[in-house]
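Hi,

Here is the structure I promised to pass on to you. Have a look at it first, and then read on for what turned up.

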Amino acid sequence: MKKLFLPLLVLSGLIACQPKTTYTSKDPNIREKVEEFIPFKLTTDLSVLSEKEKQMLPLLFEAAQIMDDLFWQQTWGNKQQLLNNTQDEYLKKFMLINYGPWERLNNNKSFVEGIGEKPEGAQFYPENMTKEEFEAFEHPNKSDLYTIIKRDESGELEVVPYSEAYKKELKQVADLLRKAAALAEDQGLKKYLSLRADALLNNEYQPSDMAWMDMKSNTIDFVVGPIETYEDALYGSKAAFEAYILIKDKEWSDKLTRFAALLPQLQESLPVDAEYKKEVPGTDSDLGAYDALYYAGDCNSGSKTIAINLPNDPQVHIEKGSRKLQLKNSMQAKFDHILVPISKVVIAPEQQKHVKFDAFFENTMFHEVAHGLGIKMTLDGKQSVREAMKETASSIEEAKADILGLYMVTKLAEMGELPNKDLMDNYVTFMAGIFRSVRFGAASAHGKANMMRFNYFKEQEAFSYDKATGYYSVNFDKMTEAMNKLSAEILVMQGNGNYDKAKKMLSEMGTIRPALQADLDRIAAAGIPRDIVFEQGPAVCGL
């Protein structure tokens, strides 16, 4: 059951806004926590860019930094007040990794003395607002993605569009985007940047989302704006600011283009009744491989994203599909420094040969593709799946994408679209990947999805566990059966808008049980990094 922002919680949360002489760590091992994140430089070959494209990059870096600052406002408040009153350099570094005083990969626990638990609604809602008050508040736009809830002078709730709440900063970003658009030689990129600038100022993001979908030949990509809703743990309805600067790897991307045309066929193959797959996904989807140059805001907080599936607008999905961007350099870093070492601790030696980068890339890519499958509107047609599933929506959607991603790899192999495919590579890599992702804790939607899937697989005997050695072994046939069963269960749950079942499933299965915690402790004792942290910016990439 969701906690309400009652007075005691309000007092702990309000400490975030109070000036303080010095912030100190609750954890004596703060240095070790920082060192669990292995540094990785975000670079790529910039010689693939034209001179005008190179001139665009400083403008995009500047815009991304403003997005980063805006995310700090949404998640914490005054960034400088927090950092300037912190003398311990490791504590400051950990604050920067987590965008505040709450440890994102440890259930958002506070690691700073005097600061209480993280408000579920971050800074999107008044900290003394109860759920009952919000639900009694009658306003057509109160749950809009691009609004915050504040109190007016009389203390009543009011809705403020992002374009007003962050007017100064968004005007700066819009100006930078228009300057970049003037330099853009690719017409698709030029149109997108111009429309995105408009969106920041008028809160109408769909035209720019459509334009972003239409981009095909651009080398630079700039994902920018209020996008994901994970930060709003109260209702899951407020979008957080972020930005990525990306350079397209055209050789790798060309290899992936043929899969987009197969989406309707894959939709038809889903293991559910026809009514749960009646929507036809757009075939204008773009599967591409990119090197990342910069992460800002939401996507840079806590665990680092290695693939993107956007836009989130269900109407865009229906009309045009979505774009799936694989961030190849970040993905390779996580595979080499984290996934392979984890597999040596928890995967049976005879199956470790199946942990391969190509399988990791495919599993990750088709996770993103799978977001476009299933249905976006409940069967009764009354509301979107996101609305029906309320605060469980993100976790259930991530669980769907995880399991359907593996389902799609299996189907594509059966269709002959992945020649010479040994599916055990994907299954074992998928299993090892659960241990990598589950270390991100229960606070994130991805974390809950991973735990739910691990516990489901355990119940279905999709893997065996040797207590003497601590090794897991994948049972191919039983994992295939569990994959199909869980895929169907989630798709039906979403189609029915079955919020109560989603809540029950996450409550019962979305937790780290003692046996799994013991395995995670073994991984930690082996000194394996929890995640990567970026060294990034113009100087790092050679500008």
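This is a predicted model: local features need pLDDT of at least 70, side-chain atom pairs count only at pLDDT 80 or more; totals for chains, interfaces and linings use all residues.

How many of the 22 residues of H17 are buried? Residues are numbered from 1 along each chain as its sequence is written, and side-chain values use heavy atoms, with hydrogens and water left out.

Now for H17. Helices (H or I, at least four residues) and strands (E, at least two) are DSSP runs, numbered from the N terminus. Buried means under 20% relative accessible area, exposed means over 50%, and partly exposed is in between (1.4 Å probe, protein chains only). In H17, 19 of the 22 residues are buried, so the helix is largely enclosed by the rest of the structure. H17 covers residues 393-414, and its 22 residues should span 32 Å at 1.5 Å a residue; the end C-alpha atoms are 31 Å apart, which agrees. (The expected span is 1.5 Å times one less than the number of residues.) After H17 comes Gly416, with a positive phi near 80°.

Just after H3, Gly77 has a positive phi of about 135°.

Next, find Trp72, which sits in helix H3. Trp72 is buried, with a relative accessible area of 1%. Leaving out residues up to four places away in sequence, Trp72 touches Gly77, Lys79, Leu82, Met95, Leu96, Tyr99 and Gly100, where contact means heavy atoms within 4.5 Å. Trp72 and Asp298 are 226 residues apart along the chain, yet their C-alpha atoms are separated by 8.8 Å.

Asp298 turns up again with Ser301. The backbone oxygen of Asp298 lies 2.7 Å from a polar atom of the Ser301 side chain. Ser301 is in the loop between strand E8 (286-297) and strand E9 (307-310), and at 9% relative accessibility it counts as buried. Not counting residues up to four places away in sequence, Ser301 touches Phe71, Ile97, Tyr99 and Arg104.

On to the rings. Rings of Phe, Tyr and Trp (its six-membered ring) pair if their centres lie within 6.5 Å; planes under 30 degrees apart count as stacked, over 60 as edge-to-face and the rest as tilted. The structure holds 29 aromatic pairs. One of them is Trp76 with Trp102, a tilted pair at 5.6 Å centre to centre and 55° between the planes. This pair links distant parts of the chain, 26 residues apart: Trp76 is in the loop between helix H3 (51-75) and helix H4 (79-84), and Trp102 is in strand E2 (residues 102-103). Both Trp76 and Trp102 are buried. Elsewhere, Tyr146, Tyr162, Tyr166, Tyr205 and Phe241 form one aromatic cluster.

Charges sit over rings here as well, meaning that NZ of Lys or CZ of Arg is within 6 Å of the ring centre and within 35 degrees of the ring normal. Arg323 lies over the face of Trp212, at 4.1 Å from the ring centre. The charged end of Lys390 sits over the ring of Tyr499, 4.7 Å from its centre.

What about the nonpolar core? By that I mean a set of buried Ala, Val, Leu, Ile, Met, Phe, Trp, Tyr and Cys residues joined through side-chain atoms within 4.5 Å. The largest one has 174 residues, of which Phe222, Met431 and Phe457 touch the most other members. H3 gives the most to this core, with 12 residues.

Last, some backbone details. The peptide bond from Leu310 to Pro311 is cis, with omega near 0°, and Pro311 lies in the loop between E9 and helix H13 (314-320). Asn107 has a positive phi near 60° although it is not a glycine, and it is partly exposed at a relative accessible area of 39%.

Cheers

Conventions:
A polar contact is a pair of N or O atoms within 3.5 Å; within protein, one must be able to donate a hydrogen and the other to accept it, and residues adjacent in sequence count only if both atoms are side-chain atoms.
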